[in-house]
Amino acid sequence: MTGIEESIVERIDRLQAGGVIDMHFDLPMDLYEKREHRDVLKTEFLTEFEAGGISVVGAAIYIEDRYLPEAGLRVALDQIARLYAETATSERFAICKNYREIQAARETGKIAFLVTMEGVEPLGTDLNQLRVFYELGVRSIGLTHARTNAAGHGGVFAANGSSPEGLTPFGREVVHECEALGIIIDLAHINPAGFEEVLSITTKPLIVSHTNARRYYDIERNISDEQIRMIGERAGVIGVNCVLVSPTEEKSTLDHYVDHIEHVVNLIGIDSVGIGFDFFEFIYRQWPESRQKELAAKLTTPHFIPDLRNHSHARNLTRKLIERGFSDEQIEKILRGNWMRIFREWL
Ligand SMILES: [Zn+2]
């Protein structure tokens with residue numbers, strides 16, 4: 001012992017220094033909507049990434065209903081194009097396609113983007129497109145959002161009522177091809193039947209990039225204790241989402257966010273939990289009220305956590321984990337170590 005007590009701020013600094021990995025962020029969609037603007041990443045996101053010590057971001061291609069079906073492929077390609085163009089404007093960013101590149105980016109202090117896909121609508125029913133997106137850098141895929149598509153069915157934002165059907169033959173082909181190519185399979189959003197089927201036809205550790213525990217918010221879009229155990233048995237990782245922490249605004253707090261982390265840890269251990277913040281408020285606030293109402297009618301009204309609203313708030317989470325009694329080793333696994341293990345195993 002040195003006899004010098006480390007202050008909590010110093011401890012947060014030290015834990016943050018290794019970087020924070022967020023496996024779900026709707027960045028490409030926002031860059032696409034702002035395609036007439038330049039330097040959006042630098043002017044609107046970099047400060048928050050830096051303040052939060054963010055080192056790797058799962059940048060999710062997602063196609064809104066209004067572009068489907070006709071423009072799905074084109075908008076997906078444009079989202080990727082904007083991500084590449086914006087990434088090229090600063091030495092601080094890098095798009096990474098494998099574990100070695102992610103490590104190199106982290107070692108040189110860059111913010112690494114891993115391109116992901118939320119819902120395979122851009123593929124249509126053409127498996128060849130999957131290869132194209134792989135070549136463009138897509139390294140994690142969730143088959144569905146809340147909708148039904150050519151691969152399967154999304155989980156509903158209610159305690160029951162999702163389709164009882166699993167994957168379509170195309171969905172199974174996509175899963176097999178992802179496993180063969182080295183595209184991490186993400187079970188966020190898929191309905192319970194699809195969830196089980198993906199597990200039954202794969203062997204690698206699967207992830208749920210951004211979700212919450214049904215124990216605290218009982219909707220089929222979230223995951224049950226049984227599903228959490230299934231991920232644990234496969235040594236997968238569950239990223240805890242900060243938008244669906246509770247059905248009530250009052251309980252949508254940072255403490256309750258940590259309850260979700262703790263719940264996963266209690267069920268399957270510290271090696272299977274990570275972060276998938278799903279910060280979405282910046283997009284939501286840009287919408288007219290009519291679209292916000294449409295979201296509420298179709299899915300749910302999101303409740304944003306006051307002190308966990310954007311990437312600059314990642315430090316608040318680290319502080320809360322310390323306050324809640326997590327050890328340094330546990331916090332490092334939650335913030336980055338578990339996702340890095342998944343990248344090492346898949347990429
Ligand atoms: Zn999502």
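**Strands, zinc site and cavities**

Modeller: The bridge partner of valine 20 in β2 is isoleucine 54. This is a predicted model, where local features need pLDDT of at least 70, side-chain atom pairs count only at pLDDT 80 or more, and totals for chains, interfaces and linings use all residues. Residues are numbered from 1 along each chain as its sequence is written, and side-chain values use heavy atoms, without hydrogens and water.

Biologist: What makes β1 and β2 a pair?

Modeller: Pairing takes at least two DSSP bridges between two strands (DSSP runs of E, at least two residues, numbered from the N terminus). β1 (residues 20-25) and β2 are joined by four bridges and run parallel, so they pair.

Biologist: Which sense does the pairing of β2 and β4 take, and over how many bridges?

Modeller: Parallel, over six bridges. In β4, phenylalanine 113 stands opposite valine 57.

Biologist: Why is β2 called mostly covered?

Modeller: Buried means under 20% relative accessible area (1.4 Å probe, protein chains only). Eight of the eight residues of β2 (54-61) are buried.

Biologist: What makes Glu118, His189 and His210 donors of the zinc ion?

Modeller: A donor is an N, O or S atom within 2.8 Å of the metal (3.2 Å for Na, K and Ca). Here Glu118 (OE), His189 (NE2) and His210 (NE2) coordinate zinc at 2.0 to 2.2 Å, so they qualify. Water is not among the atoms, so the site may look incomplete.

Biologist: Where do glutamate 118 and histidine 189 lie?

Modeller: Glutamate 118 lies in β4 (residues 111-118), and histidine 189 in the loop between β6 (184-186) and α8 (192-200). The pair therefore ties together parts 71 residues apart in sequence. The donor spacing is E-x70-H-x20-H.

Biologist: Are glutamate 118 and histidine 189 buried or exposed?

Modeller: Glutamate 118 has 8% relative accessibility, so it counts as buried. Histidine 189 has 4%, so it counts as buried too.

Biologist: How many cavities of 30 Å³ or more does the search find, and why are they called cavities?

Modeller: Two, across the whole structure. On a 1 Å grid over the protein atoms alone, a cavity is a set of points where a 1.4 Å probe fits but cannot get out. The largest cavity holds about 80 Å³, where volume is the space filled by probe spheres set on the points, joined across faces, edges and corners.

Biologist: What lines the largest cavity?

Modeller: It has 14 lining residues (an atom within 4 Å of a point). The closest to its centre are His24, Met117, Glu118, Asp186 and Ser209. β4 gives the most to this lining, three residues.

Technical notes
Buried < 20%, exposed > 50% of the residue type's maximum accessible area, 1.4 Å probe, protein only. 1 Å grid on protein atoms, 1.4 Å probe; cavity = no way out; pocket = protein on both sides within 12 Å on 5 of 7 lines; lining within 4 Å.
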